Amino acid sequence: MKKALVTGITGQDGVYLAEHLLSQGYDVFGMIRGQNNPRRATVEQAIPQAHIIDGDLLDQGSLIAAISKTQPDEVYNLGAISFVPLSFKQPELTGEVTGLGVTRMLEAIRIVNSKIRFYQASSSEMFGAAKTSPQNEATPFHPRSPYGVAKVYGYYITLNYREAYGIFACNGILFNHESPRRGLDFVTRKISRAAARIKLGLEKKLKLGNLEARRDWGFAGDYVRAMHLMLQQPQPDDYVIGTGESHTVRDFCNAAFRHLGLDWREHVVQDQEFTRPSEVDTLCGDSSKARRILGWEPSVRFPDLVRMMVEADLADLKHEMGPRAASRPSR
């Protein structure tokens, strides 16, 4: 039985990846920072077959201990400060966790067992203000946030350990991927949740920043399959993963509210508080290399993704409200 160690298992991708690896017959270990991590119970309930161990991307010794204890065949480094607006407020911590944390994990692998295969969660935010679209593996990076800059460091240190030490290390340059498990701070989940709350009469308005930002949105459950496929290849390499379609935040609002019979223009308010100091206008991924070599294809398209998220939030809110939901007037 293969063993995999997953950092960031408390996040959206971590849970989907753990589920996928378990379905493939893996023994899965999830690394969690801190004894009183509030999301530990949620992870244990969602994926009870996974083994939870302590570790911290800020602490080299804990990573060496985690690798030594679990002896994994594969390590998936999904752990990061992944909310872009937060990276502007905490740039130094973002660099330590999202950037240098990659080095610490690679060092732990090099020290304990350099035969371990390593996956680094790189990001489309590395492209930032790219001059060409769609973006592929050859597109130059121009990050526009501390998060994007830290991810560029993580990308190149992964490449360096591959070339310097022969470690089977891959970068998955994933474009935006969403699901009902997406954190409530992220714009897609913020929209789907607000649309459901407005439908149920729980609120009236939704404040958003730049409505014209374009993103390539896919389903997180599809993208974790690509992560796994990268580590099953005969040679390590880097791959862009995306749908090849881009939509604006405005498009997402329109689709989400329309699904519930609402007009988004009556409820969405633009607020400068939610704009970034430096914006990324357009991201769109060319995943032809992954489709050709990995045989990977996305299975969920944009309209279905939006519906999935809205329906999940609507059901969740109705469950929370109980009998009140049936009598609550919608707006």
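Select helix H6 and colour its buried residues (buried: under 20% relative accessible area, exposed: over 50%, partly exposed in between; 1.4 Å probe, protein chains only): they are Tyr-147, Gly-148, Ala-150, Lys-151, Val-152, Gly-154, Tyr-155, Ile-157, Thr-158, Leu-159, Tyr-161 and Arg-162. This is a predicted model, in which local features need pLDDT of at least 70, side-chain atom pairs count only at pLDDT 80 or more, and totals for chains, interfaces and linings use all residues. Residues are numbered from 1 along each chain as its sequence is written, and side-chain values use heavy atoms, with hydrogens and water left out.

Now show the whole of H6, residues 146-165. Helices (H or I, at least four residues) and strands (E, at least two) are DSSP runs, numbered from the N terminus. H6 has 20 residues and reaches 28 Å from its first C-alpha to its last, close to the 28 Å expected at 1.5 Å a residue (the expected span is 1.5 Å times one less than the number of residues).

Then step to Gly-166, which follows H6 and has a positive phi, near 70 degrees.

Next, go to Asp-185, in the loop between strand S7 (177-178) and helix H7 (187-199). Asp-185 counts as exposed because its relative accessibility is 52%.

Move on to Thr-188, in helix H7. Is Thr-188 buried or exposed? Its relative accessibility is 1%, so Thr-188 counts as buried. Leaving aside neighbours within four places in sequence, select the residues in contact with Thr-188 (contact: heavy atoms within 4.5 Å): Glu-178, Arg-182, Trp-217, Phe-252 and Met-309.

Finally, zoom out to the whole protein, with its 12 helices and 13 strands. Along its principal axes the C-alpha trace spans about 60 × 45 × 40 Å. The radius of gyration, taken over C-alpha atoms, is compared with a globule rule of 2.2 Å times the number of residues to the power 0.38. For 331 residues a compact globule would have a value near 20 Å, and the protein, at 20 Å, agrees. Of these 331 residues, 53% count as buried. Among contacts between residues at least 6 apart in sequence, 78% join residues at least 24 apart.
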